[in-house]
Amino acid sequence: MTTHYTGLIERYRSRLPVGEKTPIISLGEGATPLIELVNLPKRIGKNVRLLVKFEGLNPTGSFKDRGMTMAVTKAVEAGSKAIICASTGNTSAAAAAYAARAGITSFVLIPEGKIALGKLSQAMMHGSVVIQIKGNFDAGMRLVQEVAESMPVTIVNSINPFRLQGQKTAAFEIVEELGRAPDFHALPVGNAGNITAHWIGYSEYAGQNTKACVFCQGACAYQQGGGSAKRPVMLGYQAAGAAPFLRGAMVDNPETVATAIRIGHPMSWKQAWTVKEESGGWFDECSDEEILAAQALLARTEGVFCEPASATSVAGVLKSLAQGRIPEGATIVCTLTGHGLKDPDTAIAQSTRPVTVEASREAIEQVITRNMAG
Ligand code: AN7
């Protein structure tokens, strides 16, 4: 028996819109670790089970690979020779890599100067046609939709419904690993595609309907749980400067250090409100300071390095725990959407600078003595 893992489409084939002849484009995405946090709950003095789903360990370093394997697979199946997306960075990295794998062209629109260095390097290295626009993600998204009307390019942003189909598999993995759905599931929210995809995944697994699924509008749930299995309460956390779900309206000039979620006009606006309603969840916002503090806390107390946007899920949960909105005893999963290496500039800016010394034994010993506890 072979144990070679070949990606989430093969693993969840029966639950995804692929056929026998579909040419699967995969880089071995999915099957990311669900890490139980051991130090952080003690540190905040809360009796909770807190786990992080580290999506930064996907092939291009973010959860976008789950959606991109499906979107590019379906684009190739349909005979498309080029894909296009607007991106705050991670979608462009994934699109570039999967297009390279498929041997097709990728065009990515990114906001000039506002995407993290690692993500830019990925899109460039994979040979994408990188188009920097003098505008933000929302402007790029509008342009992509306009251009795709007249040009032979397939949009691979999350308005492409195959994206959410791929991303829903993260929820399958969590239920399979925990043996049940968590009580709460927290995610950073930008376009709100991922929170919607997770809800679709949890709903399918529980054999329950959801109106958030654009394919079926609530009619195609898998009936495996007999319609009775539990689903989590879904929590969506936004950066305060880019929080349309908190304002209850689109935001025209979003700003945040978490550039991945610097989005003011979310594409899955309606679906995300449905997720909130159906799950009994909520949206909340975190300041840039809270986001960076959570990122550093994860890195320094748990050894987990995620990018700033990803830490928003943990920052939000810390806030909701402090407020008593999440009760003690709860099992909570936070999605860490992307790897910390994506954004080295932000990591370095908030960390202690390295010391520079002579290349001598004495100098090193001095540094050790100075830094030993006690
Ligand atoms: C690390 O790459 O929209 O709420 O263009 O990169 O599903 O949009 C990125 C989004 C969270 C938000 N965390 O997810 C893009 C892009 C990270 C991200 C989100 C993104 P959605």
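Residues are numbered from 1 along each chain as its sequence is written, and side-chain values use heavy atoms, with hydrogens and water left out. As the model is predicted, local features need pLDDT of at least 70 and side-chain atom pairs count only at pLDDT 80 or more, while totals for chains, interfaces and linings use all residues.

Helices and strands are DSSP runs numbered from the N terminus (helices: H or I, at least four residues; strands: E, at least two). Helix H12 spans residues 288-302 and helix H13 spans residues 308-322. Their axes come within 7 Å and cross at roughly 95 degrees. H12 is therefore roughly perpendicular to H13. Axes are lines fitted to C-alpha atoms, for helices over the stretch in contact, and angles run from 0 to 180 degrees between N-to-C directions. Angles under 35 degrees count as roughly parallel, over 145 as roughly antiparallel, 65 to 115 as roughly perpendicular and the rest as oblique.

From H12, the contact involves Glu 290, Ile 291, Leu 292, Ala 294, Gln 295, Leu 297 and Leu 298. H13 contributes Pro 308, Ala 311, Thr 312, Val 314, Ala 315, Leu 318 and Lys 319. Contact means heavy atoms within 4.5 Å. By class, 10 residues of this contact are nonpolar, two are polar and two are charged. Here Ala, Val, Leu, Ile, Met, Phe, Trp, Tyr, Cys and Pro count as nonpolar, Asp, Glu, Lys and Arg as charged, and the others, Gly among them, as polar.

In soluble globular proteins, nonpolar side chains tend to be buried together. A nonpolar core is a set of buried Ala, Val, Leu, Ile, Met, Phe, Trp, Tyr and Cys residues joined through side-chain atoms within 4.5 Å. Buried means under 20% relative accessible area, exposed over 50%, and partly exposed in between (1.4 Å probe, protein chains only). The largest such core has 35 residues. Those with the most contacts inside it are Phe 184, Leu 235, Val 314, Val 317, Ile 326, Ile 332 and Leu 336. At least two residues each come from strands S2 (49-54), S7 (184-188), S8 (233-239), S9 (282-286) and S10 (331-336), and from H12 and H13. H13 gives the most, with seven residues. Ile 332 touches Val 48, Arg 49, Leu 50, Leu 51, Phe 184, Val 317, Leu 321 and Ile 326, not counting residues up to four places away in sequence. Apart from this core lies another, of 21 residues, among them Ala 181, Val 189, Ala 192 and Phe 245.

Ala 192 lies in the loop between S7 and helix H9 (193-206). Ala 192 is buried, at 4% relative accessible area. Its phi is near 70 degrees, a positive value in a residue other than glycine. Ala 31 also has a positive phi, of about 55 degrees. Ala 31 sits in the loop between helix H1 (8-11) and strand S1 (34-36). At 41% relative accessibility, Ala 31 is partly exposed.

Asn 136 is in the loop between strand S5 (129-133) and helix H6 (137-150). Asn 136 is buried, at 15% relative accessibility. The side chain of Asn 136 reaches the backbone nitrogen of Asp 138 at 3.1 Å. Beyond neighbours within four places in sequence, Asn 136 contacts Pro 111, Asp 252, Pro 254 and Arg 262.

Arg 262 belongs to the loop between helix H10 (244-247) and helix H11 (269-279). Arg 262 is buried, with a relative accessible area of 9%.

Key:
Polar contact = N/O pair within 3.5 Å; in protein donor to acceptor, adjacent residues only side chain to side chain.
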